[in-house]
Amino acid sequence: MTDRTIAVDYLARVEGEGALRVRIHDRSVEEVELKIFEPPRFFEAFLRGRSYLEAPDITARICGICPVAYQMSACHAMERGLGLTVSPAVRALRRLLYCGEWIESHALHVYLLHLPDFLGYPDAIRMAKEHRGAVEKGLALKKVGNAIMSLLGGREIHPVNVRVGGFYRCPSREELETLRPQIVTALGLAEETVRLTAGLPFPSVEEEYEFVSLRHPEEYPMNEGDIVSSRGLRIPVDRFEEEFEEFQVPHSHALHARRRNGGSYLVGSMARYALNRDRLLPKADAIAREVGLEPVVRNPYRSIVVRAVETVQACEDALRILDAYRPPDRPWVEPTGALKPGACVAATEAPRGLLFHRYRLDATGLIQEARIVPPTSQNQKRIEDDVRDVVGRSLDLDEAGLTTECERAIRNHDPCISCATHFLTLDLVRSGGP
Amino acid sequence: MARPKLAVFKFASCDGCQLTLLDCEDELLPVADRVEIADFREASSDWVGGPFDLTLVEGSITTAEDARRIQEIRAQSRVLVTIGACATSGGIQALRNFADVQEYQRVVYARPDFIRTLATSTPVQDHVRVDFELRGCPINKSQLIEVISAYLGNRAPNVPTESVCVECKRRGNVCVLVARGTPCLGPVTQTGCGALCPSFDRGCYGCFGPQDSPNFPALTGKLGELGMDPPSIRRFFRTFNANAPAFRAAGDAAEPPKEAR
């Protein structure tokens, strides 16, 4: 009988602080624990007593990588509870802002965090010594996402212009048009990214995921739609908590989530794509076909191609919004008369997947209760399942090799531990005989 | 000559301030040519040990382990710069400093006994010597590049400490507070954002913390005239830099804490 122990104290190239513990006995994987030691920050507690108008700015600070997602879920939840309907122009501008965040976040993950795994570098800086052109293209693409957020939101991290009921100020058509040449360039770069990533060497792996995402009657999902799953679930967003539950485990500061039937599930780009392949715009659809991307991708390593396709989609969508934009009469709407808040519930598609918010307000508009379920919390259990599978397949590797494979399995899902609280240390214990 | 070693460390935070470095798309590769990125875990899986020539610290101290870790980092760092509201004032999570953290734990977690946290969220300077504090929620890109360039060039960073109002005038904005009656923290807040909020027709909400010579009683009086009640004024001072001493005191002055009444 032999024991093997591998410890990685901190997972790199993910957003946040975490660790992984894997215990192996007699060639079977006994236990996988994704440990999130990012310190808790208690947003749901200190949101109580704050005005509903503060929710978008405060919840944005949960995550510097996807602040727009928090702003969007918070705004939509409040508007639903207060019975506010925003104008079509505001709706379009929000989608444009979200496109900016998707482009920025996906370019960051694809080029700076994920691609080094495929090309064998510790980071994009060192990768740039031999692949400077690719890294520069990735940064140029990322910069366009940030430019969209800066123009609409004032800045790319924690934009200041998002308001419950709309925007504080809506841009003129001329201001928005200044983005067009940059987005046209980005669209080309994104298409190149699809071709680049589709040509990478991928391990041949298929996982059995239950995919969960929003689905909208006409559009690739962002701010609206029902919650659907690849196993036939279809519910309105306000029934989320009936079908999905959060639970706490001793090894993590992030609550985990599962289906009420106990199963893990996956949110994020692979889920959105699998459940909404038919909603891609023409150029995104064409490039996915060109590189032969299957309609449902079950190989987690190939998520890098899916993110690239979604980046094309976001650029194409942004241009479509620019074409149609006319400034609204009023930048924002607000409740009239006495507040009669109902259930404030919304889910939107953060770059990393479904982001659920629920609030209860009092008659003066102060928050009494807040519940936020970020995508990485939901994916933790599924990521543990992926790691279990990768370890099971790779038992013959030495410790260093196995550690690398575990880290890759986690990075495939672009986890954001700042959101989930944050990320990784690998502690691998092997026991039993070879 | 060996390139100077740069490190980036994270404590309780949203990751946005270290992301700011990766958001410097035009400067990132040129900066990386001039420094050795010795420890930046969000960006690299390869880290070498200290000592570091320049260390950037994001986030506030909220656990006993982090209180120990910051001491180690200080000992390894020739120059230590804190970046962002969390590291310089305790951040939004310092709202626990005004509340009962055990009650907070019960609200968020079914099993609060699994959670290890301190009762307070404190800035890095409460624990170790800090060479420079770069404010902001998030920090400003050009100020970050200025700070990195300054320390690489062995000079002091040029980062203004005047109010948002000064920047607003420079931009030619109409004053949202005076002309529109919109509550605004611009008069008491340090510039650095480029007077963003007033440029978007809203009031400043204090991302960069107190400016160097704020007049809180005048602003508090004005906010009252605009119809804000004391709890609302206190809340206004208590967001992303709630624990900055000047904002903390202004909040208490607007509505004294219960035990003091």
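Begin by colouring chain A by domain: domain 1 covers 4-38 + 391-431 and domain 2 covers 43-335 + 366-390, with bounds that come from an automatic or database domain assignment. Residues are numbered from 1 along each chain as its sequence is written, while chains are lettered from A and ligands numbered from 1 in the order in which they are written. The model is predicted, and local features need pLDDT of at least 70, side-chain atom pairs count only at pLDDT 80 or more, and totals for chains, interfaces and linings use all residues.

**Between the domains**

Taken over C-alpha atoms, the centres of domain 1 and domain 2 of chain A are separated by 25 Å. Select the contact next, which takes 32 residues from domain 1 of chain A and 31 residues from domain 2 of chain A, where two residues are in contact if their C-beta atoms, placed from the backbone, lie within 7 Å. On the domain 1 side, the elements giving two or more residues are strand 2 (18-25), strand 3 (28-36), helix 13 (375-393), helix 14 (399-411) and helix 15 (417-420) of chain A; helices (H or I, at least four residues) and strands (E, at least two) are DSSP runs, numbered from the N terminus.

**Chain A as a whole**

Zoom out to chain A, which has 15 helices and 14 strands, and whose C-alpha atoms fill a box of roughly 75 × 45 × 35 Å along the principal axes. Buried residues account for 58% of the 434 residues in chain A, a residue being buried if 20 or more other C-beta atoms, placed from the backbone, lie within 10 Å of its own.

**The cores**

Now show Met78(A), Ile148(A) and Val309(A), which touch the most other members of the largest nonpolar core, a set of 190 residues. Such a core is a set of buried Ala, Val, Leu, Ile, Met, Phe, Trp, Tyr and Cys residues joined through C-beta atoms within 7 Å. Helix 4 of chain A gives the most to this core, with 16 residues. Centre on Met78(A) and, leaving aside residues up to four places away in sequence, look for its contacts with Tyr52(A), Ala55(A), Val164(A), Cys344(A) and Tyr359(A). A second, separate core of 16 residues can be picked up through Val22(A), Val387(A), Leu402(A) and Cys406(A), which it includes.

**Towards chain B**

Finally, display both chains and select the 45 residues of chain A that are in contact with 48 residues of chain B. Helix 6 of chain A supplies the largest share of the chain A side, five residues.

Notes. A residue is buried if 20 or more other C-beta atoms lie within 10 Å of its own, exposed if 12 or fewer, and partly exposed in between; C-beta atoms are placed from the backbone.
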